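Please read it beside the sequence and the coordinates.

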Amino acid sequence: MIVIGGGISGLAAAWQLRGKADVTVLESEQRIGGKLHTSTIGGIPVDTGAESIMALRPEAVELAQEVGLGADLCDPATAPTTVWTHGRLRPMPAGHVLGIPTEPRALAGTGLLSDEGLERLCREENLPAGPLPRDTDVSVADYLSGRIGQEAVDRLVEPMLGGVYAGRADRLSLRAAMPRLAAVAEHGGSIIGALRRVRAAGAPKVAAVQGVSGGTGRLPAAVAKASGARILTGTRARELQPTPSGRWRVCALTADGPLVMEADAVILALPAFAAAELLRGHSPAAFEDLSAIQHANSAVITMAFDRARTPSLPEGNGFLVPPVDGHVIKAASFLTNKWSWLHESAPGSFVLRVSIGRAGEDKQLDVPDRHLIRTAVSELHLAAGRIGEPTSARVTRWDRSLPQYGVGHSDRVERIREAVTKLPGIGLCGAAYEGVGVAACVATGRKAARQAFEG
């Protein structure tokens, strides 16, 4: 079995196949892990990619436990979701689902919405609404603006979508990006009332996300080791060729020259555009739909501050930024506050990270690293006060890193998977299909492995 792609999706596939098949993982970069990566800033370990894993669904947490990281899983500090809007940091009341409040009146006095915006939001429960037809998809903004009002979409929902997808509400699919809400919409009626009933039925007893002491970037190496797979980094797959015996030949390029391997099955754990290129000559339909999936560019600016030289330190775990306010940064995470292990490892420092980049905002990233750092520091001062200058700073650019789930995405994924079923021995997994989070990627990797082994 050959897995092409050494991110967490491909590694989860390899782990699923442990003891059942001889597995080789090909990774084009010099390291495994994809968007899970821990490096150092000023000698302090920090995540420059995903810093946490979803705990409300089990796949990633269970995998971490299985590969020996269970004792290192940790909850973030308890803090409200905070939005930088109207010139200051404003905490959101508890009880919201991706920015949609289950108790709208709790927003009164927060300054998150104008009086008009709040009144419009509060009218949602009295609005008539027929069910969203099961065969219909719309953008998040198209659906929600008619229910909760445009201002609530702009200032409550949009910051959440920017943090998760680096996307925009007027482009993202309701069904693919917010499936929980789409399920509510199918029944018709008030979405606020429905979400309130769900919450009243029993709030989760666990944190929504968890981290890993020492960095979530530890997870890929642990999975790779536990899988027992052969891992080849710096190995870029260039072509797939079917063989007369029904196997697949993988032609790859390494620093030492060409490499040719054969396997009964190949799992493509790749971004949509990379998978498209490998399938171009084998499935024009899959190639077309995979190529149509757009991706957003983003950058993470990680900074360390000397506590002794910092005039004041921000409280809380960080903040989100609605694009309507016109700022460059879209989110900030106060890592030292958020993760106790980080504070304990470097008590004299304050570490944070800032994210920049949404779909369609590439011009903001088309500047030298020093400009991004300067912008990040300047806007941090506006949002969180004069915290001084960082002693260390690094920009990590994630080009074409987050697939955009446009309207009709679920139908597109269904067509892709149907087309690939006509290629026996080929499987797909990754963030391009049914979720961009670590848990969703782990789920697609394990599913692809089971299908490849059984098929």
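## Cavity and pocket

The lining of the largest cavity comprises seven nonpolar, three polar and two charged residues, where Ala, Val, Leu, Ile, Met, Phe, Trp, Tyr, Cys and Pro count as nonpolar, Asp, Glu, Lys and Arg as charged, and the others, Gly among them, as polar. This is a predicted model, in which local features need pLDDT of at least 70 and side-chain atom pairs count only at pLDDT 80 or more, whereas totals for chains, interfaces and linings use all residues. Residues are numbered from 1 along each chain as its sequence is written, and side-chain values use heavy atoms, with hydrogens and water left out.

On a 1 Å grid over the protein atoms alone, a cavity is a set of points where a 1.4 Å probe fits but cannot get out, while a pocket is an open set with protein on both sides within 12 Å along at least five of seven lines; lining residues have an atom within 4 Å of a point. Grid points are joined across faces, edges and corners, and a volume is the space filled by probe spheres set on the points. The lining of the largest cavity includes Pro45, Asp47, Glu51, Trp339 and Trp341. The elements that give two or more residues to this lining are β4 (44–47), β11 and α13 (340–345); helices (H or I, at least four residues) and strands (E, at least two) are DSSP runs, numbered from the N terminus.

| Space | Volume | Element giving the most to the lining |
|---|---|---|
| Largest cavity | about 70 Å³ | β4, three residues |
| Second largest pocket | about 650 Å³ | α16, six residues |

The second largest pocket is lined by 32 residues, of which Ala265, Gly425, Ile426, Gly427 and Ala452 are the closest to its centre. By class, its lining divides into 17 nonpolar, eight polar and seven charged residues.

A nonpolar core is a set of buried Ala, Val, Leu, Ile, Met, Phe, Trp, Tyr and Cys residues joined through side-chain atoms within 4.5 Å, and buried means under 20% relative accessible area (1.4 Å probe, protein chains only). The largest such core has 45 residues, and those with the most contacts inside it are Ile100, Leu121, Leu144, Ile148 and Ile191. Helix α5 supplies the largest share of this core, seven residues. Apart from it lies another core, of 31 residues, including Val266 and Leu423.

Ala376, placed in helix α14 (residues 369–384), is buried, with a relative accessible area of 0%. Leaving aside its neighbours within four places in sequence, Ala376 is in contact (heavy atoms within 4.5 Å) with Ile301, Met303, Ile329 and Val354. Ala376 and Val354 lie 22 residues apart in sequence, yet their C-alpha atoms are 6.7 Å apart in space.

## Strand pairing

Two strands pair if DSSP finds at least two bridges between them. Three strands form an open sheet in the order β5-β11-β6, with antiparallel pairing. β5 (53–54) and β6 (73–74) stand at the edges with a single partner strand each, so one side of each is left without a neighbour in the sheet. Within this sheet, two bridges join β5 to β11 (residues 209–212), and Met54 stands opposite Val209 in β11.

Strands β13 (residues 236–242) and β14 (residues 248–254) run antiparallel and are joined by six bridges. They form a hairpin with five residues between them, and Gly246 in the turn has a positive phi of about 90 degrees. Pro242 has Trp248 in β14 as its bridge partner.

Technical notes. Buried < 20%, exposed > 50% of the residue type's maximum accessible area, 1.4 Å probe, protein only.
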